[in-house]
Amino acid sequence: MLMWIRSWLFYLGLVIVTIFSALLVMATFPLPYDKRYVIVSHWAHVNLWWLRVTCGLDHHVEGWENIPDTPTIVLSKHQSAWETISLNLIFQPQVWVLKRELLRIPIFGWGLALLEPIAIDRSARSAMGQILSQGRAKLDSGCWVVIFPEGTRVAAGTRGRYHVGGARLAERTGYPVVPVAHNAGDYWARNSVLKKPGKIKLVIGPVIESEGKRGSELNRLVEAWIENKVAELRAQQGLDQPST
């Protein structure tokens, strides 16, 4: 019961901080993008601190030395909402590839739109073209592009189909890829209010160069590294290996 109370208390704080941050982003829309992004950093810091205070859920990041000096394409495992918060503090400034519908959410979506994400209609034929054209522009302007190749959150212990969009962006632009693995879903499961106390582990993988590689090959390399690392993290916890 106490764990449920703590989890709901976290969500209360998350909603308040998110609404306040979205309103602040809208109020500062005349400022340059990098100035507006500072608000996102504070939003992430506060929410991760509040998660630790209310739910006893902390995290540890490995592989800082693998982060290149210039922005690249980040392809990450997607198990919960946790990584959408935490990745903001690792790769700055960044933009996400996300569903266009999110921008229609009152206040939250309006603030999100001012952070200039690559918002796509996944059912449209033009989705890949948007990723390629807008992704190149964001990378050239000095932004990291964060993509969840599975497209949606998957349950811990499973894997989704890795879509080729992020890898194709790397192939077309020549920018390298940084894979990211974690075990957040074991503590903050998708579609669940409950947050388990503990320490999430996030691992930043070595850079995968795109030069001379097709998107399909890059996608296979990314999937293999991420899923092997997730399996390793789960084995350390004594949990089952991921399955398809």
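Reader: Is W49 buried, partly exposed or exposed, and at what relative accessibility?

Author: At 44% relative accessibility, W49 counts as partly exposed, where buried means under 20% relative accessible area, exposed over 50% and partly exposed in between, with a 1.4 Å probe and protein chains only. This is a predicted model, in which local features need pLDDT of at least 70 and side-chain atom pairs count only at pLDDT 80 or more, while totals for chains, interfaces and linings use all residues. Residues are numbered from 1 along each chain as its sequence is written, and side-chain values use heavy atoms, with hydrogens and water left out.

Reader: OK, and how many helices and strands are there in the protein?

Author: The protein has seven helices and seven strands, which are DSSP runs numbered from the N terminus, helices being H or I with at least four residues and strands E with at least two. Along the sequence they follow the pattern α-α-β-β-α-β-α-β-α-β-α-β-β-α.

Reader: What about the radius of gyration, what would a compact globule have?

Author: With 244 residues, a compact globule would have a radius of gyration near 18 Å, and the protein agrees with that at 18 Å; the radius is taken over C-alpha atoms, and the globule rule is 2.2 Å times the number of residues to the power 0.38. The C-alpha trace spans about 55 × 50 × 35 Å along its principal axes, and buried residues make up 48% of the 244 residues.

Reader: Switching to aromatics, how many aromatic pairs does a search of the whole structure find?

Author: The search finds seven aromatic pairs, where rings of Phe, Tyr and Trp (its six-membered ring) pair if their centres lie within 6.5 Å, and planes under 30 degrees apart count as stacked, over 60 as edge-to-face and the rest as tilted. One of them is the edge-to-face pair of F10 and W188, at 5.5 Å centre to centre with 85° between the planes. That pair links distant parts of the chain, with F10 in helix α1 and W188 in the loop between β6 (177-182) and β7 (198-204), 178 residues apart.

Reader: Are those two buried or exposed?

Author: F10 counts as buried at 0% relative accessibility, and W188 is buried as well, with a relative accessible area of 3%. W49, where we began, forms a tilted pair with W50, at 5.8 Å centre to centre and 35° between the planes, and W50 is partly exposed with a relative accessible area of 22%.

Reader: And which residues form the aromatic cluster with W188?

Author: W8, F10 and Y11 form one aromatic cluster with W188.

Reader: New topic: how many salt bridges does the count come to?

Author: The count comes to 10 salt bridges, each being a side-chain nitrogen of Lys or Arg within 4 Å of a carboxyl oxygen of Asp or Glu. Among them, the side chains of E116 and R36 meet at 3.4 Å, N to O. E116 lies in the loop between α4 (108-113) and β4 (118-120) and R36 in helix α2 (residues 33-55), so the pair ties together parts that are 80 residues apart in sequence.

Reader: Where do K229 and E232 lie, then?

Author: Both K229 and E232 lie in helix α7 (residues 215-236), three residues apart, which is about one turn of the helix, and their side chains meet in a salt bridge at 3.4 Å, N to O. K229 is buried, with a relative accessible area of 18%, whereas E232 counts as partly exposed at 38% relative accessibility.
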